[in-house]
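Colleague: Please take me through this model element by element, and state the cut-offs behind each term as we go.

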Amino acid sequence: MKKTLTALSFITLASTPSTADDFNVSEVLGGAVDLLQQGVDLLWPDELGLDNVNAKIGFGVGFTPDYIGSDNYALRAVPLLDIRYKDSWRLSGSKLTFSPIRTKHFEAGPLLNLRFGRAEESNAFLEGLGDINTTFEVGGYVRAKYKSGFLTAEYRHGLGSGIKSNIQVTAGHGIYKSENFVALLSARVRWQDNQTAMTQFGITEQQAQNSVKGFDTYQASSGIYDVTTNLIGSYTVNKSTRLVGLVSYGKIVGSASDSPLVADAGSSNQFIVGTGLVFSF
């Protein structure tokens with residue numbers, strides 16, 4: 001029985017969720033984990049071992065926003081976990097997928113995602129607004145993959161914490177390739193319904209009364225709320241080691257951009273920059 005174990009270490013993916021320590025991944029970077037993982041898969045695909053198991057484990061640190069819409073950045077840490085079984089079951093970060101429908105260039109199936117929350121103590125502007133607790137999301141996904149790129153669409157529905165329907169569509173395409181270096185450019189668009197928008201960006205009357213910063217009430221509404229562009233690179237150090245990097249710029253749009261948490265206390269411009277090493281053995 002042969003097993004493939006990959007340790008992935010990169011400076012990019014972390015935040016402080018509502019539940020705990022700095023080693024949990026929050027929603028502000030959950031998408032970035034996905035983007036980097038998909039990029040690495042395309043730029044350096046792994047082959048399944050004879051026992052049909054492929055695993056990646058890793059650890060990263062990086063400068064990230066305190067919450068979605070914040071303009072305050074801090075250094076945080078996060079682990080990375082990616083395990084695949086028989087090329088159908090996959091646990092990537094906090095997301096578990098199963099692909100009963102699979103061809104060479106297409107796959108689809110259900111997903112279960114652990115969506116981490118937001119702690120009011122993670123930023124002074126959140127004080128008095130209460131925590132958004134961690135919850136599970138259920139849904140499904142479709143993914144088309146070709147030699148130089150991919151297109152993925154996901155629907156997720158939260159089971160608690162005021163999180164309901166949200167959709168995200170991600171596309172990536174290789175833009176450069178040399179003997180030792182390849183680069184991928186990707187874009188992601190995210191949509192949310194009214195209740196999710198209120199939970200993430202709205203201010204209720206009770207929250208306005210409790211707000212330490214004195215925020216007025218704000219009614220956030222459904223719509224596209226985030227558009228992100230990402231550049232992912234991979235440099236071959238040797239046969240089993242690669243240097244990877246991620247530069248990400250996101251723009252908060254729609255009613256989310258007018259939220260006091262963004263317009264008054266933060267910024268609609270969101271950045272992530274990181275680098276690290278991938279070891280395969």
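Colleague: Which residues of H2 are buried?

Modeller: This is a predicted model, in which local features need pLDDT of at least 70 and side-chain atom pairs count only at pLDDT 80 or more, while totals for chains, interfaces and linings use all residues. Residues are numbered from 1 along each chain as its sequence is written, and side-chain values use heavy atoms, with hydrogens and water left out. Helix H2 spans residues 194-201 and is mostly covered, with six of its eight residues buried, where buried means under 20% relative accessible area, exposed over 50% and partly exposed in between, with a 1.4 Å probe and protein chains only. Those buried residues are Thr196, Ala197, Met198, Thr199, Gln200 and Phe201.

Colleague: Which residues is Phe215 in contact with, leaving aside its neighbours within four places in sequence?

Modeller: Contact here means heavy atoms within 4.5 Å. Phe215 is one of the residues with the most contacts inside the largest nonpolar core. Once its neighbours within four places in sequence are set aside, its contacts are with Phe125, Leu129, Ile203, Ala208, Pro260, Leu261 and Ala265.

Colleague: How many residues does the second, separate core have?

Modeller: Phe150, Leu184, Ile232 and Ile272 are among the members of this second core. It is separate, and its size is five residues.

Colleague: How many residues apart in sequence are the parts that Glu137 and Arg115 tie together?

Modeller: The structure holds seven salt bridges, each defined as a side-chain nitrogen of Lys or Arg within 4 Å of a carboxyl oxygen of Asp or Glu. One of them joins the side chains of Glu137 and Arg115 at 3.2 Å, N to O. Glu137 lies in strand S8 (residues 135-146) and Arg115 in strand S7 (residues 106-115), so the pair ties together parts whose separation in sequence is 22 residues.

Colleague: Which residues are linked with Arg115 and Glu137 in a network of salt bridges?

Modeller: Arg115 and Glu137 are both buried. The network of salt bridges that holds these two also takes in Lys95, Glu154 and Arg156.

Colleague: How many residues lie between S12 and S13 in their hairpin?

Modeller: Two strands pair if DSSP finds at least two bridges between them. S11 and S12 pair in the antiparallel sense over 12 bridges, with Leu231 in S12 as the bridge partner of Leu185. S12 and S13 also run antiparallel, joined by 12 bridges, and Ser234 stands opposite Val244 in S13. Between S12 and S13 the hairpin leaves two residues.

Colleague: Why does Val273 count as exposed?

Modeller: Val273 lies in strand S14 and belongs to a nonpolar surface patch that also includes Leu185 and Leu231, with about 1,000 Å² of accessible area together. Patches are made of residues with over 30% relative accessible area and no salt bridge, like charges being joined within 9 Å and nonpolar side chains (Val, Leu, Ile, Met, Phe, Trp, Tyr) within 5 Å, and areas come from the Shrake-Rupley method with a 1.4 Å probe, only the protein chains shown counting as cover for residues. Val273 counts as exposed because its relative accessibility is 52%.

Methods: Helices (H or I, at least four residues) and strands (E, at least two) are DSSP runs, numbered from the N terminus. A nonpolar core is a set of buried Ala, Val, Leu, Ile, Met, Phe, Trp, Tyr and Cys residues joined through side-chain atoms within 4.5 Å.
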